[in-house]
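Colleague: Before I use any of the labels on this model, I want to know what each one rests on. Shall we go through them one at a time?

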Amino acid sequence: MGAGFHGGFGNTEGTKNNETNKLMKELESNGAKFRKEDIVFITKDKTGQTVWLEKGNSTAVLEHIFNGNGKTPGHSKDFENAFGISKEQIPSFLNNIVTKGSVVSNELKNINGRNGFERIYYFDEKYYVLAGIGTNGFIVTAYPIEYGG
């Protein structure tokens, strides 16, 4: 007999795709603006908020994290210097931090006329990352920090 519908395959791509589709539908129903093809990852963090990272541009998200905005450098070197994380590893590293990390600080702030969260994640008993996250869950930026609580 087969394992049936509830077999031991919970970590397969099909399951991940189903969860991704469910979270994207949640964003759509909440009126969030996003392009499915630009999403690098989408997950729920420990606050229960759906959070997602897009490819973005020089002012926000992955492109900003990699290369900065022309006025300020990107944070890829910061991740490399602080954690030994290469530029290519940043998306999956951030996904792990947001999905599995503890939220040690979560402040609603107004930056440039827009409300968003300044959220500090603690992961794997050694990594602190500050993430700027829109109230809709859109990750604007992320970078390593030292945190003293």
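Modeller: Two strands are called paired if DSSP finds at least two bridges between them. Helices (H or I, at least four residues) and strands (E, at least two) are themselves DSSP runs, numbered from the N terminus. This is a predicted model, in which local features need pLDDT of at least 70 and side-chain atom pairs count only at pLDDT 80 or more, while totals for chains, interfaces and linings use all residues. Residues are numbered from 1 along each chain as its sequence is written, and side-chain values use heavy atoms, with hydrogens and water left out.

Colleague: What do the DSSP runs of the protein chain come to?

Modeller: There are 4 helices and 6 strands, in the order α-β-β-α-α-α-β-β-β-β from the N terminus.

Colleague: Why are S4 and S5 called a pair, and in which sense do they run?

Modeller: DSSP joins them by 8 bridges, and the rule asks for at least two, so they pair; they run antiparallel.

Colleague: What makes S5 and S6 a pair?

Modeller: They share 5 bridges in the antiparallel sense, so they qualify. Ala131 stands opposite Ala142 in S6. With 4 residues between the strands, their hairpin includes Gly137, whose phi is positive, near 100°.

Colleague: Why is Thr141 called buried?

Modeller: Buried means under 20% relative accessible area, exposed over 50%, and partly exposed in between (1.4 Å probe, protein chains only). Thr141 has 14% relative accessibility, so it counts as buried. Thr141 lies in strand S6.

Colleague: What does Thr141 touch?

Modeller: Leaving out residues up to four places away in sequence, Thr141 touches His64, Ile65, His75, Leu130, Ala131 and Gly132. Contact here means heavy atoms within 4.5 Å.

Colleague: What share of the whole chain is buried?

Modeller: Of its 149 residues, 38% count as buried.

Colleague: How do you know that the buried residues of H3 lie on one side?

Modeller: They are Ser76, Phe79 and Phe83, in a helix that spans residues 76–83. They cover an arc of only 70° around the axis, which puts them on the same side of H3; the arc is that of the directions from the helix axis to the C-beta atoms. Lys77 and Asn81 are exposed, on the face turned away from the buried side. The cover over the buried residues includes helix H2 (61–67), helix H4 (90–100), strand S5 (127–134) and strand S6 (139–144). After H3 comes Gly84, with a positive phi near 70°.

Colleague: Why are the buried residues of H4 said to line one face?

Modeller: The buried set is Ile90, Pro91, Phe93, Leu94, Ile97 and Val98. Down the axis of H4 they fall within an arc of 160°, so they line one face of the helix.

Colleague: Which residues come closest to the centre of the largest pocket?

Modeller: The largest pocket has a volume of about 630 Å³. Of its 20 lining residues, Ile111, Asn112, Arg114, Gly132 and Val140 are the closest to the centre. Strand S4 (114–123), S5 and S6 are the elements that give two or more residues to this lining, and the largest share, 5 residues, comes from S4.

Terms used:
On a 1 Å grid over the protein atoms alone, a cavity is a set of points where a 1.4 Å probe fits but cannot get out, and a pocket is an open set with protein on both sides within 12 Å along at least five of seven lines; lining residues have an atom within 4 Å of a point. Grid points are joined across faces, edges and corners, and a volume is the space filled by probe spheres set on the points.
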